[in-house]
Amino acid sequence: MVADAALPRLIDQTRDSIRAWLASLGEEAYRAEQIHRGILRLTPISQMSDLPRGLRVSLAEAFTEGYPVPARWIEGEGEGADRFLFTLPDGEAIESVRIGPLEDYTACLSTQVGCGLRCAFCASGKFGLTRNLSVGEIVGQVLALRAQTATATGLEGWPSRLVYMGMGEPFQNYSAVLESIKRLTDPTGPGLGARRITLSTAGMVPEIYRFAEEGLQVGLAVSLHAPNSELRRSLMPIEEIYPLKTLLRACQTYIEKSGRRLTFEYILLKGVNDSPAEAKGLVDLFRNWSLVHINLIRYNPIGLTRLEAPKESDARAFVKRLVDGGLDATLRKSPGRNIDAACGQLRGLEYEKAGVRIQPAAMAP
Ligand code: SF4
């Protein structure tokens, strides 16, 4: 069976769309469940052994699998973060990260190929935006990580937590991202807990308002990186479109509407945003806020900019100023946890520069 790129992709299909296709062939509806189960396991059509041969042939004639192919698996040296590079059917590449122990890991997902927001500290942004990922390409990253983890552990392999903090701005691919959450939290599918999912945005104001109306239990993290508009503009071009004041108003509305805690991400950059003046600026900004957490991280140099990380002791002193000022603030310490703290801290395709070990991908069928 030869894959045809012009065909719709199986990974993008829902149970309903499969059911409709089966109905058009006069096939029984219960087969949709079997096919859906095969998709969740990334089973090649030719190996969907619970389907009759004729139906497998029809499936292969109607769809191409479109499963993300893990081209490489990069084990983080003592970082507790393993990176997966996927090649997509059109030749583009994305990466996902598995953070933490295999039995209780966080999956960090990409939502776009590249990113158009061009934050100064980010590897993904350096290459600009190529395209949005489809729902299947987002969900497929989780399925592939699950398969590899299941092979390694003999367990089911699903992640304990999901963070949309990889390559891309999730809110620029809003519909696909929300649909991917729907599929991943489907109790008759992967059944992941919505409360264990966090979306990270660089500050897309209209989508923050829209997200506040969704009534989801999913967490929201907003990249801040500066306590004032002028400094933020020098780090994040999106500040030109959605200035800090407008962004903070949207964040307050989100907290009021959702009743959920919001996380602000702050990457500490040596000599740029890590002085006592910036710490005071943050305290002044959030003094009267509730349900807000400031998540700080020392910059993880990507080799493409001159930006540097502050010393650990300086970072700790900065955070202490925030805590002493009454803010709820944490400094992420483990390098492997960097991904938890902010998008833009993925290394993009700069694997070799990162000094990590490259292994061939080992996937479950
Ligand atoms: S930090 Fe996030 S929003 Fe900014 S360019 Fe990178 S991926 Fe895009």
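## Basis and overall make-up

This is a predicted model, in which local features need pLDDT of at least 70 and side-chain atom pairs count only at pLDDT 80 or more, while totals for chains, interfaces and linings use all residues. Residues are numbered from 1 along each chain as its sequence is written.

The chain has 13 helices and 13 strands, taken as DSSP runs (H or I of at least four residues for helices, E of at least two for strands) and numbered from the N terminus. Of its 365 residues, 44% are buried, a residue being buried if 20 or more other C-beta atoms, placed from the backbone, lie within 10 Å of its own. Among contacts (C-beta atoms, placed from the backbone, within 7 Å) with a separation of 6 or more, 67% join residues 24 or more positions apart.

## The buried face of α7

Helix α7, residues 205-212, has Val205, Ile208 and Phe211 buried. Viewed down the axis of α7, its buried residues fall within an arc of 120 degrees, so they line one face of the helix; the arc is that of the directions from the helix axis to the C-beta atoms. Their cover includes β8 (197-201), β9 (219-223) and α9 (244-258).

## The packing of α10 and α11

Helix α10 (residues 276-286) packs on helix α11 (residues 312-324) at an angle of about 30 degrees, with the axes 9 Å apart. The two helices are therefore roughly parallel, a term for angles under 35 degrees. Pro276, Ala279, Leu282 and Val283 of α10 meet Phe318, Arg321 and Leu322 of α11 in this contact.

Terms used. Buried ≥ 20, exposed ≤ 12 C-beta atoms within 10 Å, placed from the backbone. Contact = placed C-beta atoms within 7 Å. Axes fitted to C-alpha atoms, helices over the stretch in contact; angles between N-to-C directions. Parallel < 35°, antiparallel > 145°, perpendicular 65-115°, else oblique.
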